[in-house]
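The following questions and answers examine one structure step by step. Please keep the sequence and the model in view while reading.

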Amino acid sequence: MDDRVILRVGTKVLSPFILLFALYVQFHGDYGPGGGFQAGVIFAAVFVLYALVFGLERAMEVMPAKVAYACGALGVALYLGVGYLSMFRGGEFLNYSYLFDPEHDPTHGQHYGIIGVELGVLVTVFGVMVALFYAFAGRRRIDT
Amino acid sequence: MSQNLPALLVVVPMMLAPIAALINRSGPAWVIATSGAWFAFGAAVQLLRRVMTEGMIVYSLGGWVAPIGIEYRIDQLAAFVTLIVSAIAAVGVLYARTSVASEIEEDRHALFYAAFLLNVCGLLGIAITGDVFNVFVFLEISSLSAYSMIALGQDRRALTSAFQYLIMGSVGATFIVIGIGLLFVMTGTLGMADLAERIPAIWASGDGDRTIAVAFTFLTVGVTLKLALFPLHLWLPNAYTYAPSAVTGYMAATSTKVSIYLLLRFFFSVFGVEFSFEQMRLDAILMPLALVAILAMSSVAIYQSNVKRLLAFSSVAQIGYMILGISFGSVIGVAAGIIHLFNHALMKGALFMAMGCVMYRIGSVRIEDMKGLGKSMPWTMAAFVGGGLSMIGVPMTVGFVSKWYLLQAAIKGGNWLAAVVVVVGSLMALVYIWKVIEVAYFKRRENDDPIEEAPLSLLIPTWTLVAASFWFGIDAGTTSDVAMSAAESLLGMMQ
């Protein structure tokens, strides 16, 4: 490990920027759909890079397989949760205009709704990508 | 809340799936799966009632009205298919508790129930959506969860058969999405109702008609691969044989049925009966394949020594009956196909569940291991006989109703060959069902370690389906009314 200083330092320097870039992709063009998948992949790429440089064990300490696995399910729940919320507030499923009180501008609901949904996509894609990488890299079942 | 019922039908099982996976404990996950399946069943019953009285229900997701947004369109056929899927899921999940506990490792139970819920969600979604791309998405949800459920089988061959199904299923799904893509290129829309309006105009203009024809071909091949029409059925026997018993029973009764529904949707609602049957001559290709499927697959079934495999080949033959009905292109023919879709779900579900009971007690479903089971597991084998009678088409069972309508359709269409094949197919069913009955009832067991009857938690769901197959065989009016009006609206959509 010790002779790969450049790799290790490079990884440490780059990681926060990659994470930031993932969030940039997530929030860019926030009023429209799309972006969550790519952001999730970029977010997961940090942990893949970390595992490649520092080894799988240390990566699993930073991001336990259990957490990655739970993220995969949580994101779906978050996505659907936004849909349920709009339904409980009187609209159709995923009709974001109903997310806030009626006197509120419905376009705000549309903004936050799509962000919430895309966040769900990000979390799921991130979790599944990391879990997939662990499964392939470990060549054994992930113990959850 | 009731106006949101179409969405809830799909998203309640979808929401419960990640919750079951997160809780990750066998017992609670089963409770969640059960509540999801029974909720869907209740919702499907409600929706069918509403559709029969008020007509088609249209629901725009997210408040975006159809060509822009995705809409759910529930007509009689869609409501009927959701009822079949959710009813089988509701019975199947009760059955799954004991069967899964004995066949799948404990730490995978929660994942199994999550996959089960996703599968239910996907199949229901296919049935009620009115958007062709949404169909593809739900198709993938249901297929991926099906692959993973099959791979959980005890036998190591479950893995290879799941992989085989994955490859074939993905080829099918790719063909479907190519077909959808070509349609989108030509029409600029993905809504079924919109497509149905625009396709005839493009076809008539002669500009781009070839693209439409190619799209039609891709969709036909893709969907027939998914529904395992002979000779595209190669994935099915292995998948059904090596999957866990609970999965086989549930899947045999639902997933191919939903694919047949999809075929009906594309041929009748999107392309229209005139285009499908007069311009593209669909009957000329479907009918021979259906006839060959019935004869060839029934005779292959006769030579099987593993009963699950035998029933799987018989399923391919039965799919032949449904496609035969559809290929007549007449109201009564399509109705016969739809009736058989429902009836076959009941009887094949019952037969596979009975085999699951046998698997639970003796750990094998090979015919030679079933000697004397008629005596030691009387209720299980009686359920098998009950389902088998339907398979053969004995009067007072659902099998008879299906064949009656099929024969009527064949005779009305003046197709005597088809009528003969239907009868011969029934005789062949008699042979392969009898093979099992003979061994179970008339052969003595070599050793006498006692075999107990299957537990009630398996027998009750099995017998529910057997009882239903007799109930709807005697009271055939309900199903045939729904099927006839569904067929009329499918064929009437063109005019």
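Two residues are in contact if their C-beta atoms, placed from the backbone, lie within 7 Å. The model discussed here is predicted.

Q: What share of the contacts in chain B with a separation of 6 or more comes from residues 24 or more positions apart?
A: The share is taken over contacts in chain B with a separation of 6 or more. Within that set, residues 24 or more positions apart account for 80%.

Q: Why is chain B described as being as compact as a globular protein of that length?
A: Chain B contains 20 helices and two strands. For 495 residues the globule rule gives 23 Å, and chain B is as compact as a globular protein of that length because its radius of gyration is close to this, at 21 Å.

Q: How many residues of helix α9 of chain B are buried?
A: Helix α9 spans residues 235–242 of chain B and is mostly covered. Its buried residues, among them B:Trp235 and B:Tyr242, pack against α5, α6, α10 and α13 of chain B.

Q: Which helices are included in what covers the buried residues of α12(B)?
A: Helix α12 runs over residues 282–302 of chain B and reaches 30 Å from its first C-alpha to its last, close to the 30 Å expected. Its buried residues include B:Leu282, B:Leu286, B:Ala290, B:Ile294 and B:Met297. An α-helix has 3.6 residues a turn, so residues three or four places apart point the same way. The cover over the buried residues of α12(B) includes, from chain B, α10, α11, α13 and α18.

Q: How many residues does chain B bring to its contact with chain A?
A: Chain A brings 14 residues to the contact. By class, the side of chain A that touches chain B has eight nonpolar, five polar and one charged residues. On the side of chain B, the number of residues is 14.

Definitions and conventions
Residues are numbered from 1 along each chain as its sequence is written. Chains are lettered from A and ligands numbered from 1 in the order in which they are written. This is a predicted model: local features need pLDDT of at least 70, side-chain atom pairs count only at pLDDT 80 or more; totals for chains, interfaces and linings use all residues. Ala, Val, Leu, Ile, Met, Phe, Trp, Tyr, Cys and Pro count as nonpolar, Asp, Glu, Lys and Arg as charged, and the others, Gly among them, as polar. Helices (H or I, at least four residues) and strands (E, at least two) are DSSP runs, numbered from the N terminus. The expected span of a helix is 1.5 Å times one less than its number of residues. A residue is buried if 20 or more other C-beta atoms lie within 10 Å of its own, exposed if 12 or fewer, and partly exposed in between; C-beta atoms are placed from the backbone. The radius of gyration is taken over C-alpha atoms; the globule rule is 2.2 Å times the number of residues to the power 0.38.
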